[in-house]
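Take the overall fold first, then the charged side chains. Keep the structure in view while reading.

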Amino acid sequence: MSENTLRHNAKRVLRAQRIETPSWAYGNSGTRFKVFAKAGVPRTPEEKIDDAACVHEFTGVAPSIALHIPWDRVEDYPALARYAASCGIRLGAINPNVFQDNEYKLGSICHPDSAIRAKAVDHLLECVEIGRQTGSSVLSVWLADGTNYLGQDDIRARQDRLAAGLAQVYAAMPADMRLLLEYKFFEPHFYTMDVPDWGTAFAHCLRLGERAQVLVDTGHHAPGTNIEFLVAVLLRERRLGGFHFNSRNYADDDLMVGAADPFQLFRILHEIHGAGGLAPDSGIEFMLDQCHNLEPSVPAMIRSILNVQEATAKALLVDRDALREAQRDGDVLGAHAVVMDAFSTDVRPLLAELRQDQGLDPDPLGAFYRSGYQEHIEAERIGGGLGWGA
């Protein structure tokens, strides 16, 4: 395939790309040791929406913001949705929180106490209703449930409780809503996690139905895990619901996506593109899930989106005709060279051209800094900000 054709096709796909930003990443965050307060942090869900709208203004590809309940709880969700629309974006995935209440020390929907399980399910059902009111079609579920010690609880019984709780929630969802089930191999529990890996999540999704799919958080894997392989398998089974993109060096570091290992991000997007997963109708949700512990959140979000765009552009520049020919001929080095040539391409000029075509500044970060937005919110938002405590 000619270089011009590859570039033309890449621009077409990139023009339609959408990346959702998370409301919680605009607030204060930190580690188990300390949360460092930052200037200009949102004080209300509406101010989080303002920040998300700013990111979309300069990138053109971030038209939605995910909510986390109860962190983003309000009295009137339709009004919040209208406010988002007035800012040029929409409310996206609804993320329940069943890990912070004291009652959840031994689990939520996997807890041995039926009353606590019922409380957790009620909250998940509340989030289904919030999705109805906001027009969201995605319920994104991560469970902190697990055990620390051998014998602490019955592993199989916990799986039964998990299946029963998820089934209640799935049955209550409207027909246009999907349940995306996330997994994490350790933390906060260190002997078992009730949804520790993609296989466990996949098994529960199969039992639930076609609108239950796996959510891949790129930071939730053991060292050495081949994430692009499991992505390929889930794509083949039509059970890849989406991503929480971030970077990790050691564990669930929640660093900016593409910061630690841009090659891994490219490899993942290479598999997604090969399966048609970058098409607007693929149903795959591309979402960020990050904690900006040191850096200001809005420019960090813009930087993250640029990293995803660059990795996507490189994946789109792989000459797949040449790749298939090399694979067919058993040309190991030739096939590898095709992919590596694309990864080595400087795609920043292509993305700058695309942004100019869309009426955007070719340098989104530079445009943000010149806009004075950061100075404005730091001066305006006095008196604390939203976030979570360590």
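The model is predicted. On that basis, the protein chain holds 14 helices and 10 strands. Its radius of gyration is 21 Å, close to the 21 Å that the globule rule gives for 390 residues, so the chain is as compact as a globular protein of that length. The C-alpha trace spans about 65 × 55 × 40 Å along its principal axes.

How much of the chain is buried? Buried residues account for 54% of the 390 residues. The accessible surface of the protein chain is about 17,200 Å². Carbon and sulfur atoms contribute 52% of that surface. Take the contacts between residues at least 6 apart: 78% of them join residues at least 24 apart.

Now turn to the charges. The count of salt bridges comes to 24. One of them pairs the side chains of Glu353 and Arg7, at 3.2 Å from N to O. This pair links distant parts of the chain. Glu353 sits in helix H12 (residues 348-357), and Arg7 sits in helix H1 (residues 3-16). They are 346 residues apart. Glu353 is partly exposed, with a relative accessible area of 31%. Arg7 is also partly exposed, at 24%.

Asp357 forms a salt bridge with Lys11, and the closest N and O atoms are 3.6 Å apart. Asp357 belongs to helix H12 and Lys11 to helix H1, so this pair ties together parts that are 346 residues apart in sequence. Lys11 counts as buried, at 16% relative accessibility. The cut-offs explain the labels: buried means under 20%, and exposed means over 50%. Arg7, Lys11, Glu353 and Asp357 are linked in a network of salt bridges.

Another bridge joins Glu187 and Lys184. Their closest N and O atoms are 3.1 Å apart. Glu187 counts as buried because its relative accessibility is 19%, under the 20% cut-off. Lys184 is buried as well, with a relative accessible area of 6%.

Lys184 leads on to Glu182. Where does Glu182 lie? Glu182 is found in strand S6, which covers residues 178-182. Glu182 is buried yet has no salt bridge. The nearest side chain of opposite charge is Lys184, 7.7 Å away. A salt bridge needs a side-chain nitrogen of Lys or Arg within 4 Å of a carboxyl oxygen of Asp or Glu.

Leaving out residues up to four places away in sequence, Glu182 touches Val141, Trp142, Val195 and Leu215, among others. Asp217 and Asp289 are also among its contacts, as are His220 and His244.

Key: Residues numbered from 1 in each chain as written. Predicted model: local features only at pLDDT ≥ 70, side-chain atom pairs only at ≥ 80, totals over all residues. Heavy atoms only, no water. Helix = DSSP H or I, 4+ residues; strand = E, 2+ residues; numbered from the N terminus. Buried < 20%, exposed > 50% of the residue type's maximum accessible area, 1.4 Å probe, protein only. Lys, Arg positive; Asp, Glu negative; His and termini not counted. Contact = heavy atoms within 4.5 Å. Rg over C-alpha atoms; globule rule 2.2 N^0.38 Å. Areas by Shrake-Rupley, 256 points an atom, 1.4 Å probe, with all protein chains shown as cover.
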